[in-house]
Structure formats: C-alpha cells, structure tokens
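User: I would like to learn how to read a ligand site and helix packing in a model. Can we go through them step by step?
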Amino acid sequence: MEAATNLSLPAFEEGAAPGAAVATSAKERKKAAAVDAVRLLPKLLDACIWGRQEDAHEVGAAIAAAIEASHPALAERITKRLGQQLRPKRFRQCPDNLVDVREPRHGLAEVILAEEVLRECKAIIDEHRRAAELAKFKLAPRHKVLLYGPPGNGKTMLAEGLARELDIPFLAVKYAGLVESYLGQTGKNMQEIFEYAETAQCLVFMDEFDGVAIDRSDSRDVGEIRRVTNQLLLQMDRLSANCVFVAATNAEGLLDKAIRRRFDFVVEIAAPTPELKLRCAGRELAVEMTPGHDVSHLAAQIAALEWPNLSALADRCRQIRRDLVLNEGRGQEWLVNSL
Ligand SMILES: Nc1ncnc2c1ncn2[C@@H]1O[C@H](COP(=O)(O)OP(=O)(O)OP(=O)(O)O)[C@@H](O)[C@H]1O
Ligand SMILES: [Mg+2]
C-alpha cells in the first residue's frame with residue numbers, strides 16, 4: 001500500500017514549486033526511478049512464490065538502489081527489512097539441492113532451429129497462451145515435451161527459450177541431486193520436484209532424461225529402476241497443464257516406452273544441416289557482434305568446416321571475436337581454417 005502511495009509521488013508534487021524546468025527534470029528522474037523499481041516487481045514476486053530467499057534479497061536490494069536518490073526513506077525501510085531474516089512461511093521452500101529456479105537466459109529467437117522444430121514450438125506456445133480459450137471447450141494445453149538428439153545443438157537453449165517466450169520461470173532439475181544411491185530416495189526426490197513445480201505456472205526442465213526414464217525391461221537392476229520409472233509415470237500423469245514439462249536426452253532409444261508415450265510433443269533436435277550451421281556462424285559473426293570490424297564474410301568458411309555440433313561452431317566464432325579484441329585478429333587465419 002505504502003509503496004503504491006510513494007510511487008504515485010504525491011510528496012514530490014507538493015514540494016515541486018521553485019522552478020518548472022528543474023521540477024520537470026527532477027520529477028522525471030523520480031518517475032524513472034519508480035519505473036525502474038516497479039519493473040523489478042515480477043522478479044520479486046517470482047522469488048517469493050518460488051521460495052527463493054536469496055533472489056528475494058537480491059531483487060529487494062536492487063529496488064532499494066533504484067529508488068535511493070528519489071525515495072530515500074522508503075529505500076532505507078527496504079534495506080532495513082533486508083537485514084532481517086526472511087521466512088516466507090506460506091510458500092513452499094525451494095528444494096535447492098534438486099532444482100535451480102532461474103530466469104531463462106535467452107529467447108526463442110536466439111536459438112537456431114529447423115523450420116519443422118520452430119513450427120512445433122509455436123504450437124506449444126500458442127496452446128499455452130490461449131489456454132483460456134481452450135478451457136471453454138474443456139481442453140487443456142499440451143504440456144509434455146521431449147527433446148532428443150546429439151549433444152550441443154540447442155536442447156537446453158530451446159527449453160529456456162520456451163520458458164522466456166511463455167514468460168514463466170525456468171526450473172532446471174539438478175540431476176546430481178535427483179539421483180541418489182539410497183534405495184527409494186530418487187523416487188522421493190522426483191515427487192518433491194513435481195510437487196514443488198505445482199507451486200505456480202512454470203517450465204520444468206529435466207536434462208539427461210535417459211538417466212531416470214530408462215527402459216524397465218532392459219535393466220538388470222529391476223527393483224530400483226522400476227520404482228523410479230513408475231514414480232515418474234505417476235508424476236507425469238498428475239502434473240497440471242500449467243506446468244510445461246520438458247525432458248531432454250541424447251539417447252532417446254533407451255527411454256522406457258510407456259514414458260515416451262506420455263509426451264505430447266516429441267521433437268528431434270538433429271545434427272545441424274549446412275543451412276543451420278551457416279545461420280549460426282552468420283549470427284555469431286554479424287557486424288553488430290564485432291563493433292569496428294566486419295568479419296561477417298568469414299561465416300561461410302567457418303560453417304563449411306566439419307563441426308561436431310553447433311556448440312563447437314559457436315565456440316569457434318567466439319574465439320574469432322576474442323582474437324579481434326585481444327589480438328587484432330592475428331590468429332584469424334588459423335581459426336578460420338582448422339578444426
Ligand atoms: N540451435 C542453437 N542455436 C544457437 N546456439 C546453439 C544452438 N545449439 C547450440 N548452441 C550453442 O551451444 C551451446 C550449448 O547448447 P545446448 O546446451 O543448448 O546443447 P544441448 O543440445 O542441450 O547439449 P547436451 O545434449 O550436451 O545437453 C549453447 O549455449 C549455444 O552457445
Ligand atoms: Mg543440454
């Protein structure tokens with residue numbers, strides 16, 4: 001309440017008489033500070049809802065910093081509260097050992113994708129954006145996505161891009177925390193992750209999915225693997241359509257058949273075609289990425305080399321940019337011609 005009063009800036013309006021020009025610029029500064037602070041509110045809410053105390057502290061401090069000059073008293077009150085222990089009792093505590101809740105690092109536009117993959121992604125996004133329309137027809141958006149294909153071609157990037165596009169938090173499951181050697185613990189961890197994910201709308205990303213969804217009939221360690229797979233099946237079936245579940249694997253053939261059938265979208269992120277490699281190199285070496293230099297003509301040469309994946313190609317392009325900054329491009333010939 002109080003924040004809203006302050007953000008509407010009544011105190012300033014009263015004291016703004018002395019000079020119109022000064023008043024306007026001071027008023028604008030104050031307004032800009034308020035806007036900066038308000039822009040951080042979605043982040044703050046996410047941090048609270050997802051039980052991320054450290055993030056809540058960080059955003060709180062950023063808000064205080066944004067308004068320090070314009071609203072010093074309010075900034076001081078926020079800072080004082082940050083010094084006190086935050087205990088959001090009403091919220092489910094984030095199981096830090098099992099999930100990393102973060103803002104997606106990139107949008108979908110930054111991921112180089114084949115046309116058919118992009119089409120699938122647009123379908124997923126469209127269904128979630130228009131969930132209310134679907135609900136009128138007693139339909140829920142499809143929300144379980146399996147990404148498979150060789151390493152380093154954008155599965156993780158794509159999952160983050162989907163979360164950004166849907167404007168929902170990205171919950172990356174920590175594989176090392178999830179899989180435990182204690183009997184029965186992995187299944188319990190799985191349950192905890194899925195229950196936490198039900199806190200609010202989000203995208204849950206489970207990488208190395210073959211590690212937990214392995215074919216039950218192929219395994220010698222039948223007991224524990226069967227338990228984990230059964231638990232996963234149960235959780236996937238129960239998961240609310242508000243939560244987008246994205247799993248990724250390099251070994252799709254190893255997956256349990258019943259689990260594979262649970263996915264609404266099974267999307268292959270294949271080894272890149274020459275066209276995708278060229279787009280990737282073109283983007284990494286675009287003129288705006290190399291201010292004062294133009295090495296865009298090197299993209300075709302780089303893309304023509306035998307790269308194992310887009311990750312390696314993108315790394316090389318970054319090396320070329322680094323060489324431009326630190327070495328005036330002296331290493332370029334080698335970087336462009338050798339693997
Ligand atoms: N399709 C792509 N578009 C743009 N950059 C890409 C793409 N694929 C890979 N890269 C680059 O390579 C890095 C690694 O990609 P990413 O982690 O998404 O691959 P991955 O398919 O998840 O690999 P893994 O199977 O090993 O988990 C990215 O951060 C990015 O720099
Ligand atoms: Mg990955």
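**The shell and the helices**

Analyst: By class, the shell around ligand 1 holds 7 nonpolar, 6 polar and 2 charged residues. Ala, Val, Leu, Ile, Met, Phe, Trp, Tyr, Cys and Pro count as nonpolar, Asp, Glu, Lys and Arg as charged, and the others, Gly among them, as polar. This is a predicted model, where local features need pLDDT of at least 70 and side-chain atom pairs count only at pLDDT 80 or more, while totals for chains, interfaces and linings use all residues. Residues are numbered from 1 along each chain as its sequence is written, and chains are lettered from A and ligands numbered from 1 in the order in which they are written.

User: How many residues surround ligand 1, and which are the closest?

Analyst: A residue is near a molecule if its C-beta atom, placed from the backbone, lies within 6 Å of it. Here 15 residues surround ligand 1, and Pro 151, Gly 154, Lys 155, Thr 156 and Ser 311 are the closest.

User: Which helices each supply at least two residues of that shell?

Analyst: Helices are DSSP runs (H or I, at least four residues), numbered from the N terminus. In this model α9 (155-166) and α16 (310-327) each supply at least two. Domain 2 (99-268) and domain 3 (274-337) each give the shell at least three residues; the domain bounds come from an automatic or database domain assignment.

User: How do α14 and α16 pack?

Analyst: Axes are lines fitted to C-alpha atoms, for helices over the stretch in contact, and angles run from 0 to 180 degrees between N-to-C directions. For α14 (residues 274-284) and α16 the angle is about 30°, with the axes 9 Å apart. The two helices are therefore roughly parallel to each other (angles under 35 degrees count as roughly parallel, over 145 as roughly antiparallel, 65 to 115 as roughly perpendicular and the rest as oblique).

User: Which residues of α14 and α16 meet?

Analyst: Two residues are in contact if their C-beta atoms, placed from the backbone, lie within 7 Å. Leu 276, Lys 277, Cys 280, Ala 281 and Glu 284 in α14 meet Leu 310, Leu 313, Ala 314, Cys 317 and Arg 318 in α16. That contact divides into 7 nonpolar, no polar and 3 charged residues.

User: At what angle do α4 and α5 cross?

Analyst: The axes of α4 (residues 41-49) and α5 (residues 53-67) cross at roughly 160° and come within 8 Å. That makes α4 roughly antiparallel to α5. Their contact has 5 nonpolar, 1 polar and 2 charged residues.
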